[in-house]
Amino acid sequence: MRLCSPPGSVVFIFIISRIIEGSGSGAEEVLPPTIQKLMKGYNKYLRPFFGNGPVTVGMSLDIASIDTISEINMDYTATIFLRQRWTDERLCFDGNKSLSLDGRLVELLWVPDTFIVDSKKSFLHDITVENRLIRIFPNGTVLYALRITTTVACSMDLTKYPMDKQTCTLQLESWGYNVKDVVFYWTRGNQSVSGLDTLQLAQYTLEDYYTSESEAVYETGNYPKLIFHFQLRRSILYFILETYVPSSALVVLSWVSFWISQSSVPARICIGVTTVLTMTTLMMGARTSLPNANCFIKAIDVYLGICFSFIFGALIEYAVAHFCTLHQPNAANAYMYGQEMQEREDEMNGIVTSIGSAAALRARRREEMLSRAGSTSSPTPSDNKEEKTSSQPQSGCAKFLSVARRIMCFLNCCHVENPHYIDNYSRLTFPLSFIFINLLYWTYYLYF
């Protein structure tokens, strides 16, 4: 093991200048012998403390921006400053000031093989040069900072969309070094992540965030892992103004037809069809920013389905009322229609009564004939058979008429004497039902 060398900061500055000048033609050929001796033995392919335990790498993040959060792709895009610190005993030098080196010299040093686990697409900013920072301290501590824009996957539960909360993560792991070689840790715990207090998001509000340390278990071994968790709550005001208020207004507009005369067929049909088509367009527009295929029903789908049901129900209500108006007397003749139904019922009662009185008269005449024939003569079996056969049709007819009477009573109960009463009932039942269902909807999705 080589001890800390005493050349000082002047030697390092000279090394930097000669390496930059000799890049591409072999740095060692242009370095003076003293500098060659200084760099002799340094191997960037071997980690610090090789063979003497793991190297500890501390990390911190600065969130510059979270640009987009996509529900369709279930990911978010963020620009971050990733800072890593570790100690390399081969880079010790005398002095009390740190050295800020050119970022292009990172190719000559050992750096951790950190990667973002769930990253779909990432790139390092390179305008005007690659956004890298290398700073070396006298005790051999190296600060390595990068500016990265990455698109990271985030599993979202959209069941309560748009009243949902989403918890996303940013996971950092070592690609090739396991826990026996490299150990990751957050430099300041939860304070290792900065920039979130001043972060402004379009649709979300940052509610909470925290950090954790873990190990990633793979077939090739256990690898160090750092996880940054942050919880986002969606702002519902946009959706109230964009979806909930227009859909509720369409439901109220569909109720206007209840106050229009049933004889105004074009007006009521126009209102019903227009509201149905407008609601269908609103439902299609609300799903443009959502995944096309998923297996769960979202809160906004439930509300739009409720509004569509009420609008379609108002159209069906007029169809029923108009049907009753065509096949039943109007309100002016409602009293006459009721009198007619009462007369039919009385007539039915009279038929049953007359059939009963005729049967009783026949029985009385038969008894008189039997009494005249004498009490000693008994009826023959043929007479009994005739009596039974004559009584059976009478009882069957009476049962049939009784059943018919019950059916008529049932139809009379279901009969709407005045079809205009349907609109009167709808003026009350539709608004009350919509208010009640809204109370259940908002209570469930906001508090459960």
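Four strands, taken in the order β4-β8-β12-β11, make up an open sheet with antiparallel pairing; strands here are DSSP runs of E with at least two residues, helices are runs of H or I with at least four, and both are numbered from the N terminus. Two strands are taken to pair if DSSP finds at least two bridges between them. The model is a predicted one, in which local features need pLDDT of at least 70 and side-chain atom pairs count only at pLDDT 80 or more, while totals for chains, interfaces and linings use all residues. Residues are numbered from 1 along each chain as its sequence is written, and side-chain values use heavy atoms, with hydrogens and water left out.

In the four-stranded sheet, β4 (114–116) and β11 (204–218) are the edge strands, each pairing on one side only. From one strand to the next the twist averages 20°, with axes being lines fitted to C-alpha atoms and angles running from 0 to 180 degrees between N-to-C directions. Strand β4 runs antiparallel to strand β8 (residues 165–174), and three bridges join the two. Within this pairing, Thr 114 has Ser 174 of β8 as its bridge partner.

Eleven bridges connect strand β1 (residues 55–70) with strand β2 (residues 75–87) in the antiparallel sense, and Ser 65 stands opposite Thr 79 in β2. The two strands form a hairpin with four residues between them. Met 74, in the loop between β1 and β2, has a positive phi near 55° although the residue is not glycine. At 23% relative accessibility, Met 74 counts as partly exposed; buried means under 20% relative accessible area, exposed over 50%, and partly exposed in between (1.4 Å probe, protein chains only). Strand β2 also pairs with strand β7 (residues 141–153), antiparallel and over 13 bridges. In that pairing, Ile 80 stands opposite Ile 148 in β7.

Ile 80 also belongs to the largest nonpolar core, which has 75 residues; those with the most contacts inside this core are Leu 61, Ile 63, Ile 66, Tyr 76, Ile 80, Leu 170 and Phe 228. A nonpolar core is a set of buried Ala, Val, Leu, Ile, Met, Phe, Trp, Tyr and Cys residues joined through side-chain atoms within 4.5 Å. Helix α6 (residues 299–327) gives the most to this core, contributing ten residues. Because domain 1 (35–234) and domain 2 (236–327 + 405–447) both give residues to the core, it lies between them; the domain bounds come from an automatic or database domain assignment. Apart from neighbours within four places in sequence, the contacts (heavy atoms within 4.5 Å) of Ile 80 include Leu 61, Ile 63, Ile 116, Ile 148 and Leu 170.

Across the whole structure, 25 aromatic pairs are found. Rings of Phe, Tyr and Trp (its six-membered ring) pair if their centres lie within 6.5 Å; planes under 30 degrees apart count as stacked, over 60 as edge-to-face and the rest as tilted. Tyr 244 and Tyr 441 form a tilted pair, at 6.4 Å centre to centre with 50° between the planes. Tyr 244 lies in helix α4 (residues 237–254) and Tyr 441 in helix α9 (residues 420–447), so this pair ties together parts that are 197 residues apart in sequence. Both tyrosines are buried. Trp 255 and Phe 434 form an edge-to-face pair, 5.8 Å centre to centre and with 80° between the planes. This pair also links distant parts of the chain, with Trp 255 in the loop between α4 and α5 (265–286) and Phe 434 in helix α9, 179 residues apart. Trp 255 counts as buried at 10% relative accessibility, as does Phe 434 at 7%. One aromatic cluster consists of Tyr 244, Tyr 303, Tyr 441, Trp 442, Tyr 444, Tyr 445 and Phe 448.

Several loop residues were also examined. Lys 298, in the loop between α5 and α6, counts as buried at 0% relative accessibility. Leaving out residues up to four places away in sequence, Lys 298 touches Leu 158, Thr 159, Tyr 161, Arg 287 and Leu 290. Tyr 161 is joined to Pro 162 by a cis peptide bond with omega about 10°, and Pro 162 is found in the loop between β7 and β8. A cis peptide bond with omega about 0° joins Ile 127 and Thr 128.
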